[in-house]
Amino acid sequence: MAKSKFEYVRDFEGDDTVLPNCWIVVRLDGRNFHRFSEQHEFKKPNDDRALQLMTKCAQTVMQELEDISIAYGQSDEYSFVFKKKSRWFKRRASKFMTHVVSQFSSSYVFYWKDYFKDQQLLYPPGFDGRIVLYPSNQNLKDYLSWRQADCHINNLYNTVFWMLVQRGGLTPVQAQERLQGTLAGDKNEILFSEFNINYNNEPLMYRKGTVLIWQKVNEVITKKIKLPKEEEEKEVEVTRTKTKVVPLHCDIIGDQFWEEYPEILAEDS
Ligand code: DGT
Ligand code: MG
Ligand code: MG
Ligand code: MG
Ligand code: MG
């Protein structure tokens with residue numbers, strides 16, 4: 001087929017193929033969710049509806065796109081880890097990033113009403129995305145540990161902060177001043193001695209964030225079958241194994257998680 005004289009413009013497209021043999025991480029984050037959470041009256045410091053909607057969108061991303069082996073989310077962010085050996089879209093960075101962010105954003109709007117039953121979506125939310133490559137398993141584990149440590153630090157701070165404001169009667173400025181320079185131990189102590197709260201008993205989803213992994217689950221379904229010698233259709237129960245995306249709220253900084261799920265970092269992934 002003859003080429004048009006315009007074809008040369010293709011040469012201006014840059015090559016954004018990512019390095020082989022590296023874990024490909026795409027992290028997205030809600031744009032100006034400080035405002036978005038205020039306008040949609042998110043519960044402070046943690047809104048179950050908002051966190052569960054984020055996780056629903058992340059599950060959708062894992063199911064719709066190829067080669068994502070694990071995801072981790074907290075607050076208004078989610079990270080998706082693509083397999084080292086993935087050949088999806090010839091490993092083009094822009095394809096990974098844009099597919100993740102657009103699938104997630106449309107899901108956020110699509111599933112909004114399932115989670116926020118009494119709260120209308122007031123304007124279209126947006127998410128930013130970035131892509132980072134990690135060449136070793138240790139780098140990848142450290143990346144995920146960094147995000148989970150961030151979740152812990154922010155959640156501890158926010159939990160005490162909002163206790164001081166909501167139950168301690170402090171203004172936000174006073175609460176901020178009270179917490180300036182305090183260490184984790186001091187914050188735990190304030191929660192315990194002033195509000196009778198043991199931080200370790202706060203919900204795991206708030207303290208650890210959400211890990212999404214693939215797991216085999218048995219599903220029992222009823223199937224209609226017609227036996228050759230019988231007139232009527234018969235209902236029978238059959239068990240089938242399906243691979244599903246399951247949410248966990250567990251520690252991923254220590255070794256235990258990685259020993260329990262060795263397939264996530266397996267050499268051929
Ligand atoms: P950005 O990401 O630079 O466009 O700006 P923001 O405002 O999204 O900042 P970011 O991502 O550092 O912080 C997340 C914001 O989202 C933060 O203001 C708290 C809010 N947020 C996230 N999850 C919850 C929640 O469950 N409840 C409430 N009340 N706020 C939340
Ligand atoms: Mg930010
Ligand atoms: Mg944000
Ligand atoms: Mg954020
Ligand atoms: Mg196309």
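These legends describe close-up views of a predicted model.

In this predicted model, local features need pLDDT of at least 70 and side-chain atom pairs count only at pLDDT 80 or more, while totals for chains, interfaces and linings use all residues. Residues are numbered from 1 along each chain as its sequence is written, and chains are lettered from A and ligands numbered from 1 in the order in which they are written.

**View 1. The shell around ligand 1.** Of the 17 residues around ligand 1, those that come nearest are Phe-33, His-34, Ser-37, Phe-42 and Asp-47, where near means a C-beta atom, placed from the backbone, within 6 Å. Helix H1 (33-39) is among the elements that supply at least two residues of this shell, and H1 gives the most, with three; helices (H or I, at least four residues) and strands (E, at least two) are DSSP runs, numbered from the N terminus.

**View 2. The six-stranded sheet.** The open sheet has the strand order S4-S1-S3-S2-S5-S6 with antiparallel pairing, two strands being paired if DSSP finds at least two bridges between them. Because strand S4 (127-134) and strand S6 (233-248) stand at the edges with a single partner strand each, one side of each is left without a neighbour in the sheet.

**View 3. Pairing of S2 and S5.** Strands S2 and S5 pair in the antiparallel sense over four bridges, and Tyr-72 stands opposite Val-211 in S5.

**View 4. Surroundings of Val-81.** Leaving aside neighbours within four places in sequence, Val-81 is in contact with Trp-23, Val-25, Ile-68, Ser-69, Ile-70, Ala-71 and Leu-140, contact meaning C-beta atoms, placed from the backbone, within 7 Å.

Methods. Contact = placed C-beta atoms within 7 Å.
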